[in-house]
Amino acid sequence: MSSISALRRVVVVTAASSLVISAALVAGSQVANAASSTPRTGGTLVLLEHEPRLDHLDPSRIYTGRDLAFMNSFHTRTLVAYNPVPGEAGANLVPDLATNTGIPSNSAKTWKFTLRPGTKFEDGTTITCEHIQYGASRVFATDVITDGPAYLLSWLDIPKDADGNSIYTGPYKNTPAGVAAYKKAVSCSKDNRTITFNLNKSVADFNYLGTYGTISPIQAKLDKGDAYDLLPQATGPYKIAHNNKTELLLVRNKYWSKSTDGFRTPYPDQVVIKFGLDEEVQDQIILGDSQPNAINFDGPLPTNKDKFFNDDALKNRRMNNSDPYANYNAFNVKKMPCLEVRAAVYYARNAKALLDYAGGPTYAGSYATGVISPLVATDYEPTKVVGPGSPDFMPEGNIPKAKALLEIAKTKCPADYKKATETGLVIDARQSSTLNDTIPINQAAYARAGIKVSYNIINSGYYSTVMNPAKQSDMTGSGWGADWANASTVIPELFASFGGFNLSQNDADPAYKAFEDKINVAMKTTDRKKQAAMWKALDKEAAKNFWVQPTVFGKAQEVWGSGLGGVFFWVPQGNPAYGKIWVKK
Amino acid sequence: MTTTVETSRENDGSIQGRSPRQIAWMRFKRNKVGMTAAAVSIALLSLSLFAPIVCKLLGIDPDTLNLEVLNTSGIPDLPNGGISLEHPLGLIPGTGRDLLAQLLYGSRISFMVAILTTFTSLTIGLFVGIIGGYFRGRVDSTLGRFTDFLLAFPSFFMIVALSEPMVKRIESTGIAQGNSARILFLVFFLSFFGWPGFSRLIRSQVLSLRERDFVTAAEAMGARRSRVILKELLPNVWAPVIVVVSLSLPGYLAAEAVFSFLGLGVQPPASTWGILLSNASRYVTVMPSFFLITAGSLVIVVLAFNLVGDALRDALDPRADR
Amino acid sequence: MYRFIGRRMFFAAITILIVSAVVFAIFSYLPFDPASLTCGQRCTPQIIEGNRIKLGFDKPIYEQYWLFLSGIFAGRTYGSGQAAFSCPAPSFGYSFNENACVTDMIKEAMPITINLAVGALIIWLVMGVGLGVLAAKFKNRWPDTSSSVFVLLGTSLPTFVTGLALLIWVSIKWKIIPMSLDGYVSALDNPGRWFMYFILPWITLAIAYAALYTRFTRAAVLDTLGEDYIRTARAKGVKERTVLFKHTLRAVLAPIITMAGLDFAGLIGGAIITETIFNLPGLGRLTLRSTYEFDLPVVLATTILAAVVVIVMNLIVDMLYAVLDPRVRI
């Protein structure tokens, strides 16, 4: 339930049920010096970060792919995990705290996980089912535990009140009836080793949610709500030594043992994130290799990408991969009900200029064909309605087509026509210095078709503003990546009125009702092949209705120093597998 | 600080009499640096004022994009950063717009903020200063305490902290929206923290003028207070005022640039020098000329105005040693 | 004497109270709902109402102000039960963005700003007073001319231009003072690294002030040199050096110290640009960041703090004057 720029979550790519993974998926990713020499234990891994903190450390609240890849590699263990290996195999689930990857029954409405013995918290307490039961309950305290994935809220079999809210309100404030209902939905076996989740519908890939910290063990007596975000208890090989504005230091957790962990290989003695660095300085440190054991946690600045990627001397210290985001501008259908106007806006955009501005196909990605990213391989197919493959798509903009559409709109919906050409459309955008350039580029592009646009620049609380229907403008810049390789985490989230990230407000559209019915059918479909076909059709249908203006399927770059070994792209997390990096001597 | 009157008396003689204005002007003319700076300042101001005409004459346009000449890093792929006859100062990376045209058009908002702010704070300063200096006593000490308090206030800090809530406030009242609201906010708060400087100066001026014979005479003849203030006092405080104005204008120009640079001032697509500088700082490692030209322009303007201010002070107040 | 000091302190206390109330009012009468800023994307009316109560936004403003004041002395707890977040006294509020007590955030940022301000103050005093005295001593000769060029440049170069230029060229391009990864270190722990960490920000800040102080010192020294007692001293055959350093400088130093005290106080909140350019996690940057993020409790606290520092510094300067110069006691 989050989106590109709010949370840099980078996400999952392949599905449990889809064993066929597109080779193109990892074709672009370089698996640099993964096996070039033998890993070595010791040393300090340094990560360079511009921001003065990570968004969240609390396992229940982390949602960005990078932070998940980081914390789950080192600090937090979850029920299941993605296998940290290069290539497609990286998307396979492996047991982590559990002994299996989950056993579904009752047509995937009931999921059981049995815990591995001998796992402990950093204070030596043995991890039991109750700890996980408690950890999973926290997401229901929606006022405190914000920002994490919220699937449990809608999937667990807990009655809802008249307003549609769960009767269970989390561990901090609750009613006996709520607690009883929760304990029924998430129950522990007598020996406290097996946890059972009872869902209100079939969810064939529920175990993928188990890779998120939202289902992870937490000791009730140490949970201080908000304060837990600053210093969560470790279950993995490292614990937090300190966490301040300057750095987050992870040191070895003596209660973690190799024998209880199937895949973690904690090479460095210490892992430290250096906060609050100048972005230019971060790049210079990597370029000049003055700190060989450092990796740029942010990725290089746009102006420095050529320096990193055109220099052969750096070829073992960089990678350039597709990221899982499909970017788009959502049309606020309530304010722009006229299909022709929305389509005209789509065609008037100068996609090429903006892609080039962001770094071109080399660094920025490719023209989007819909909202389902090619990385969700099973469910992806060019819609042939928008983007490459569509006969009307031109990278610089199809101005004759846009003008023709506006001509139709002039008589069909004169109010909307007037708004687009005279009053001007307002686009929500997050404050950024690149707006200095992209706004003029966009205004010039739209002006070619006679469309006027202005910008509503939002400094803070971007998504809490635009997700408020009263405050959202005509169009809203956004981006979305699948939570795991199933478009069930994309199409319903973006286009259903019950979805968590519907910026299109499309339920007023006459085409919506039929669309929602199809979503409901697709969600119930357990045959993955049939379901994939449905998602493809729905992506196409959404594109035809121009509920969003798809823009770019993104790309991301990583750069690091010569003193690091074993850096490779961890496909499902869209980031390096930080836990596999080792420090050369 | 009472030179104007004194000089006129000293020069009273058989030689042809000169007004204090003429004397000051003569002194100013002798100051070569001051004259040059004044010429530069006036030239820059008029370039900014007539930006559309100037740009038309030079055949440049601030909004034309030249995307096709940019490389993958957004840098103009031309010799000398695109500096040519067509584009005298080159092109801006990222969008390929003409830098000179952007600087000229951008300076208009910057100058507008600076001039409006100076005008507003001067008006308040004149009002408070004259009241305090004229009435003295309790009125003066109350006003004095207030101005001292404001002068000591961390004004820059306050403006930063207040920017978001106050801009929202202005927008919600419906007086202005978007950039107008931001300009209004800047002008209002820069003046709010700026007027005490003016008022303190004018007060001291008025305090001494009050003791002059011509004021006493006017009062003795039964002139109304308003007449004394408007006809006798106001015309005689202009000398120091001109100096302070010429010195504070560049200060406010730089202040506008700083706030836009921090992202709290005017927002794109409007262009100001602060926005250009924030752009320039993003590209500084790959295209330092953009930063150097933009920062250099700002420094030249501020320097020119400062020099004019210094020269004016020397001309109007020969005792002040500088 | 004590009565005077007592009265000034009383007035200072009243002023602080008024300032804090005004600032508090500005940040409370907002044209939007502060509670709606406290939750991320999944904001439901229930959550907003819950947070409103938790953070006390549901109470009338005078009561909120009272809670804020009493928090400073008694500490404050937000919410109830297990998820309660308590900030011990002195509590300046709770940042819902960072899940931290504002006091702790200020405590982390304060040393950096103080180090920055003190270092810059020393540099600009030494430079400003030194150049000013030289310029006055050699009036209209080359030291005077070159110092006036420095004054002009110093007053015309905006801080962010100097700062950026120093950062880009001295630090990044020429690597004379390379940026280090290790953030702030105390001077006691590692003086070398501490010096390297602060030297460029110090210079950036000091240049502008040094120019003003040069100008001021030069004028003041020239003024004093024209005084009767200096003429008397010279007439008595006192050495020129003694005249300059003992008689003149002493007279000039008092107003300079006053100025320095007030400028220093202003810097505690006013070094925003320098802190931003050099990524120093001090009070200025904390405020700027919180302004961007609408983290109201933090902005409120830092604003009041900056004002209090100024008022207290004014008080100290006043009292120093009273001690030094008995005529001030009115």
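Reader: In the hairpin that β6(A) and β7(A) form, which residue in the turn has a positive phi?

Author: In this predicted model, β6(A) and β7(A) make a hairpin, with five residues between them. Strand β6 covers residues 186–188 of chain A, and its pairing with β7(A) is antiparallel, over three bridges. Within that pairing, S187(A) has T196(A) as its bridge partner. The turn residue with a positive phi, of about 65 degrees, is N192(A).

Reader: How many bridges join β5(A) to β7(A)?

Author: Strand β5 spans residues 110–114 of chain A and runs antiparallel to β7(A). F113(A) has I195(A) as its bridge partner, and T110(A) stands opposite N198(A). The number of bridges joining β5(A) to β7(A) is five.

Reader: Which residues make up the covered face of β7(A)?

Author: In a regular strand, side chains alternate between the two faces of the sheet. Strand β7(A), residues 194–198, has an uncovered face that consists of T194(A), T196(A) and N198(A). The covered face consists of I195(A) and F197(A).

Reader: Which strands are at the edges of the sheet in chain A?

Author: Four strands form this open sheet, with antiparallel pairing, in the order β4-β5-β7-β6. From one strand to the next, the twist averages 20 degrees. An edge strand pairs on one side only, and the two that do so are β4 (103–105) and β6 of chain A.

Reader: What angle does helix α5(A) make with β6(A)?

Author: Two helices of chain A can be described against these strands. Helix α3 (residues 129–137) lies across β6 and β7 of chain A and runs at about 165 degrees to β6(A). Helix α5 (residues 176–185) packs on the sheet and touches β6 and β7 of chain A. The direction of α5(A) makes with that of β6(A) an angle of about 70 degrees.

Reader: Which element of chain A has the lowest mean pLDDT?

Author: Chain A averages a pLDDT of 88, and 94% of its residues score at least 70. Over residues 1–35 of chain A the pLDDT is below 50, although this stretch has 118 contacts in the model beyond near neighbours in sequence. Where pLDDT is low, the predicted coordinates should not be read in detail. Among the elements of chain A, β7(A) has the highest mean pLDDT, 96, and the lowest, 36, belongs to helix α1 (residues 24–27).

Reader: Which element gives the most to the side of chain A that touches chain C?

Author: In this interface, 41 residues of chain A are in contact with 30 residues of chain C. By class, the chain A side divides into 16 nonpolar, 15 polar and ten charged residues. The elements that give two or more residues to this side are α6 (279–287) and α14 (462–466) of chain A. The one that gives the most, with four residues, is α6(A).

Reader: Which element of chain C gives the largest share of the side that touches chain B?

Author: Here 34 residues of chain C are in contact with 30 residues of chain B. Among the elements of chain C that give two or more residues to this side are α1 (2–28), α7 (191–225) and α12 (296–324). The residues of this side divide into 24 nonpolar, ten polar and no charged. The largest share, six residues, comes from α12(C).

Reader: Which element gives the most to the side of domain 1 of chain C that touches domain 2 of chain C?

Author: The domain assignment of chain C gives domain 1 (2–102) and domain 2 (105–324), and their C-alpha centres lie 33 Å apart. The contact takes 22 residues from domain 1 of chain C and 21 residues from domain 2 of chain C. On the domain 1 side there are 15 nonpolar, five polar and two charged residues. The element that gives the most to that side, with twelve residues, is α1(C).

Reader: How many helices are there in chain B?

Author: The C-alpha trace of chain B spans about 80 × 55 × 30 Å along its principal axes. Of its 322 residues, 48% count as buried. Among contacts in chain B with a separation of 6 or more, 67% come from residues 24 or more positions apart. Chain B has zero strands, and its number of helices is 13.

Notes. Residues are numbered from 1 along each chain as its sequence is written. Chains are lettered from A and ligands numbered from 1 in the order in which they are written. A residue is buried if 20 or more other C-beta atoms lie within 10 Å of its own, exposed if 12 or fewer, and partly exposed in between; C-beta atoms are placed from the backbone. Two residues are in contact if their C-beta atoms, placed from the backbone, lie within 7 Å. Ala, Val, Leu, Ile, Met, Phe, Trp, Tyr, Cys and Pro count as nonpolar, Asp, Glu, Lys and Arg as charged, and the others, Gly among them, as polar. Two strands pair if DSSP finds at least two bridges between them. pLDDT is the predictor's confidence in each residue, from 0 to 100. Domain bounds come from an automatic or database domain assignment. Axes are lines fitted to C-alpha atoms, for helices over the stretch in contact, and angles run from 0 to 180 degrees between N-to-C directions.
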